[in-house]
Amino acid sequence: MSTGATESVQQTISRQVDWRPFFTSEYSYTVDSQGRLQFPPSWRPPSGQLELVAVWLRHKKSGKEHLQLLTVEAFSQLSQPKSDGTLSPETEEAHAKRLAIQHAFARRSAQVELDKVGRLNLPKKLLERAGIGAEALFVGCGDRIEVWSEAAFEEALALESDLIPEDLRVPPLTRGEKGK
């Protein structure tokens, strides 16, 4: 292999190892009959492989349902019980609460991954619970992704506008590509 080709391979491997999920902007995509939708190309890791956990949640201020996509690592940190090994009444109560939260997450989540052409296959049950029909809106929130119906997202934004500082109350940048 030539020196140039070796350097190119090393750079590709380095990008794949160094890739850290960070999601920004908004993208609207069509959901097909099997619950598949394109995943924004700018969010895909160089390897093309990404495992996420989809969790059905209710927006606190609006009461609107949506999905949150977390990396497997982030979901594990959020949902795994932690124990210091002691058996005091406080730790037993805390452990019971963590188990209850794990059970709640188990009933409202599913592990998902990108297929070979960059589509995400979201379970129909979760799409229905989140009120997502033929169109889905991806919203990048840094370390996580939210997936909404556009109407529910706009309603949630309107209800939380009083929480947004005045200088940030501007129309959003144009949304990313419209997928089919």
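This is a predicted model: local features need pLDDT of at least 70, side-chain atom pairs count only at pLDDT 80 or more; totals for chains, interfaces and linings use all residues.
Visitor: Why is Glu146 called buried?

Guide: Buried means under 20% relative accessible area. Glu146 has 11%, so Glu146 is buried. Glu146 lies in strand S8, residues 145-148. Among the residues Glu146 touches are His66, Leu67, Gln68 and Phe138.

Visitor: What makes the pair Glu146 and Trp148 a polar contact?

Guide: The cut-off is 3.5 Å between N or O atoms. The side chains of Glu146 and Trp148 are joined at 3.0 Å.

Visitor: How do you know that the buried residues of H5 are on the same side?

Guide: Helix H5 spans residues 150-159, and Ala152, Phe153 and Ala156 are buried there. They cover an arc of only 100° around the axis, so they share one side of H5. An α-helix has 3.6 residues a turn, so residues three or four places apart point the same way. The face turned away from that buried side carries the exposed residues Ala151 and Ala158.

Visitor: What covers the buried residues of H5?

Guide: The cover includes strand S1 (26-30), strand S7 (135-140) and S8.

Visitor: Which residues have the most contacts inside the largest nonpolar core?

Guide: They are Phe39, Leu67, Leu69, Leu120, Leu122 and Phe138, in a core of 26 residues. Elements that give two or more residues to this core include S1, strand S4 (65-71) and helix H4 (124-129). The largest share, three residues, comes from S3. Apart from this core lies another, of six residues, among them Leu137, Val139, Trp148 and Phe153.

Visitor: Why is the pair Arg58 and Glu65 called a salt bridge?

Guide: The rule asks for a side-chain nitrogen of Lys or Arg within 4 Å of a carboxyl oxygen of Asp or Glu. Arg58 and Glu65 meet at 2.8 Å, N to O. Glu65 has a relative accessible area of 22%, so Glu65 counts as partly exposed. By this rule the count comes to seven salt bridges.

Visitor: What makes Lys64 and Glu155 a link between distant parts of the chain?

Guide: Their side chains meet in a salt bridge of 3.4 Å, N to O. Lys64 sits in the loop between S3 and S4, while Glu155 is in helix H5, 91 residues apart. Lys64 is at 27% relative accessibility, so Lys64 counts as partly exposed. Glu155, at 36%, is partly exposed as well.

Visitor: Why is the pair Phe23 and Trp43 called edge-to-face?

Guide: Ring centres must lie within 6.5 Å, and planes over 60 degrees apart count as edge-to-face. Here the centres are 5.4 Å apart and the planes stand at 70°, so the pair is edge-to-face. Both Phe23 and Trp43 are buried.

Visitor: What makes Phe75 and Phe105 an edge-to-face pair?

Guide: The centres are 5.5 Å apart, with 85° between the planes. Those values meet the limits of 6.5 Å and over 60 degrees, so the label holds. Phe75 is in helix H2 and Phe105 in helix H3, 30 residues apart. Both are buried.

Visitor: Which residues form one aromatic cluster?

Guide: Phe23, Tyr27, Tyr29, Phe39, Trp43 and Phe138 do. By the pairing rule, the count comes to eight aromatic pairs.

Methods
Residues are numbered from 1 along each chain as its sequence is written. Side-chain values use heavy atoms; hydrogens and water are left out. Helices (H or I, at least four residues) and strands (E, at least two) are DSSP runs, numbered from the N terminus. Buried means under 20% relative accessible area, exposed over 50%, partly exposed in between (1.4 Å probe, protein chains only). A polar contact is a pair of N or O atoms within 3.5 Å; within protein, one must be able to donate a hydrogen and the other to accept it, and residues adjacent in sequence count only if both atoms are side-chain atoms. Contact means heavy atoms within 4.5 Å. The arc is that of the directions from the helix axis to the C-beta atoms. A nonpolar core is a set of buried Ala, Val, Leu, Ile, Met, Phe, Trp, Tyr and Cys residues joined through side-chain atoms within 4.5 Å. Rings of Phe, Tyr and Trp (its six-membered ring) pair if their centres lie within 6.5 Å; planes under 30 degrees apart count as stacked, over 60 as edge-to-face and the rest as tilted.
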